[in-house]
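Here is a brief report on a protein model.

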Amino acid sequence: MRIYGRAAIRRAISAKSSPYYGIFADRFSFFSSNFHSVRHKDRIFSPNLRRDLSCANEVDEAIFLFRKMVRMRRQPSVFEFTKQLQVIVNLKQYSVALQLFDEMRQSAAPVNEYTMTILINCCCLLKRVDIGFAVFGIFFKQGYKANVVTFTTLLKGLFLDGKVADAEKLFKRLLTLKLCEPNDVTILTAIDGLCKAGHVLTAHDLLLLLEKSIYKPNVKAYSAVIDGLCKTGTVDNALQLKSKMTDKGISPDVVTYNSMIQGLCDFGRWKEVKDLLTEMVNRKIPLDVVTFNILVDAFCNEGNVKEAEDVLEIMTRQNIYPNIFTYNALIDGYCLQGKMDRAKEVFDSITGSGLTPCIISYSSLINGYCKKGKVDEAWRLFLEASSKGLEYLDTITYSTMIHGLLSEGRNADGWKLFNDMETRQVHPDLYTCNILLEGLCKTHQIAEAFSFLRVIEDKGVSPNIITYGILINGLCKDGKLEDAKNLLNELPSKGLQPNNKIYGAILGSLCDEGFIDEAKDLLIKMERIGCAPDSMTYNIIIQGLLKKKEFDKAIPFLEEMYKKGFLADASTSSMLINHLQGSKKNDVLLEMMKKVVPKM
């Protein structure tokens with residue numbers, strides 16, 4: 001990042017014109033004749049109340065009051081029943097709300113359209129939108145009319161259940177059949193749902209369709225699409241859409257700007273970030289904690305922690321207090337630079353700011369210590385996180401600590417921690433398994449690595465190209481070149497294509513064992529299948545030849561590397577220089593060295 005960009009951004013966010021300057025079985029009675037098509041294993045209603053015990057007192061009190069209302073000789077109005085049912089839904093006790101509704105029906109308590117919508121919402125939040133539609137159909141047959149809230153709830157349920165195409169179809173039917181008048185919430189539910197499901201272009205097209213209708217999208221709908229475009233890397237399209245909404249008289253808000261600033265920061269387009277910040281100030285749109293967090297995180301990711309600290313200072317001076325995301329970004333920034341003392345200071349300051357370190361705070365610091373080889377410090381921090389409750393023991397933290405232990409040769413401790421992870425029902429993912437496989441291969445326990453591979457496959461974990469790359473590299477290092485080649489040839493049948501790193505391991509072993517012609521043939525094969533050899537590939541081959549003192553055989557590869565625009569890496573350069581100093585003059589090799597060895 002240019003100095004101009006950094007300074008300009010600091011000026012933009014601390015300008016005097018800124019307003020911040022200086023400162024949630026059995027069928028139940030009502031539906032028993034209507035849910036005949038629902039299989040027994042799919043029933044979500046149980047006569048026994050099941051609930052989250054974390055809010056037991058509130059739930060028990062709500063249930064007691066609800067049942068008292070049901071038993072009253074003169075029952076309260078439908079409004080009172082609906083209000084109390086909503087209380088239970090607000091406590092996220094969706095199954096409880098459904099069972100209590102069953103009790104309402106058994107006692108002939110009054111219901112209305114709002115009761116229907118609450119029931120549908122419970123089904124949707126339980127990710128059983130199919131039951132929600134069944135409820136809708138039953139009420140409809142009973143003469144109750146659905147309103148925009150009901151359809152919006154069903155729309156939200158389809159997105160929650162991953163039925164994106166059905167959600168899009170429902171929304172368009174609402175428009176074409178005029179089933180209801182979609183409001184701002186309905187429109188936002190559709191557009192935001194599409195964006196979050198990765199259907200950003202569909203959301204964008206829907207936005208354009210709405211612009212031509214009587215249902216005009218508001219700033220939140222535009223912001224959802226702009227955010228989706230930025231997250232998919234099409235920032236220029238997002239900026240164009242922002243200009244378009246402004247031309248239509250719709251003013252972007254801080255959420256709109258934050259999405260664009262994040263998108264621009266992701267691509268290092270700092271001048272445009274500065275322009276947007278200046279535009280916000282001119283429009284009197286106040287920067288919020290999210291805006292500042294984006295800037296702090298972006299500076300840290302680029303290694304400019306000093307600039308991140310400057311942004312933090314401006315932030316606090318404007319009475320916008322950092323949250324846990326701010327601190328996590330700074331911790332990660334210092335860890336990336338290897339400044340662990342400073343990272344620990346920031347970590348320790350979290351509590352003093354009235355906040356509590358979260359799992360990301362711990363994981364970042366643990367990862368930083370492990371990368372610096374300070375595994376004991378990382379282990380102490382891991383134990384501290386462990387003592388604070390199981391919520392801190394997630395897969396990433398375990399994987400990071402296991403990797404640190406294995407990297408320092410503490411294999412027994414790493415496997416013990418893996419066993420503890422499974423005992424605590426923290427499920428290892430493929431990343432965890434790859435770490436363990438690599439540990440086994442590095443200690444030449446190849447048979448054990450393949451046994452572990454079969455174990456994780458039996459548990460439903462699907463190996464990826466990285467997994468097989470680790471195994472192929474392990475076989476090569478263990479002198480099992482034929483086994484490595486056989487595994488390489490099996491990859492396409494597994495739906496995987498080898499990459500340069502895997503080919504590099506095979507090529508290195510071929511050269512080490514003197515199979516130069518086979519290495520050349522493999523290079524040609526790589527080109528043919530669209531995996532062009534890169535700088536790493538050539539350096540691996542040349543290093544293998546130089547180790548065997550096959551200097552004449554290395555020259556053609558040096559020439560080809562030069563023609564492709566690649567340079568020798570530090571190891572290759574060192575080996576070439578050492579050879580030149582300790583042997584008789586080789587003019588051809590000397591000329592090639594001048595071309596491929598980087599100038600100091």
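Predicted model: local features only at pLDDT ≥ 70, side-chain atom pairs only at ≥ 80, totals over all residues.

The largest pocket holds about 730 Å³ of space. Its lining counts 28 residues, and Gly469, Asn473, Lys477, Lys501 and Ala505 are the closest to the centre. By class, the lining has eleven nonpolar, eleven polar and six charged residues. H25 gives the most to the lining, with eight residues. The helices in the table each supply at least two lining residues.

| Helix | Residues | Supplied to the lining of the largest pocket |
|---|---|---|
| H23 | 430–442 | at least two residues |
| H25 | 465–477 | at least two residues |
| H27 | 500–512 | at least two residues |
| H29 | 535–547 | at least two residues |

**Core.** The largest nonpolar core has 186 residues. Ile191, Ile261, Leu365, Met401, Ile472 and Ile506 touch the most other members. Helix H11 (residues 219–231) gives the most to this core, with eight residues. Take Met401. Beyond its neighbours within four places in sequence, Met401 is in contact with Ile366, Cys370, Val375, Ala378, Trp379, Phe382 and Leu417.

**Helix H6.** H6 runs over residues 129–141. Its 13 residues, at 1.5 Å a residue, should span 18 Å, and the end C-alpha atoms are 18 Å apart, so the two agree. Buried residues in H6 are Val129, Ile131, Gly132, Val135, Phe136, Ile138 and Phe139. Their cover includes helix H4 (94–106), helix H5 (113–125) and helix H7 (148–160). Just after H6, Gly143 takes a positive phi of about 100 degrees.

Technical notes:
Residues numbered from 1 in each chain as written. Heavy atoms only, no water. 1 Å grid on protein atoms, 1.4 Å probe; cavity = no way out; pocket = protein on both sides within 12 Å on 5 of 7 lines; lining within 4 Å. Points joined across faces, edges and corners; volume = space filled by probe spheres on them. Helix = DSSP H or I, 4+ residues; strand = E, 2+ residues; numbered from the N terminus. Nonpolar A, V, L, I, M, F, W, Y, C, P; charged D, E, K, R; others polar. Core = buried A, V, L, I, M, F, W, Y, C linked by side-chain atoms within 4.5 Å. Buried < 20%, exposed > 50% of the residue type's maximum accessible area, 1.4 Å probe, protein only. Contact = heavy atoms within 4.5 Å. Expected span 1.5 Å × (residues − 1).
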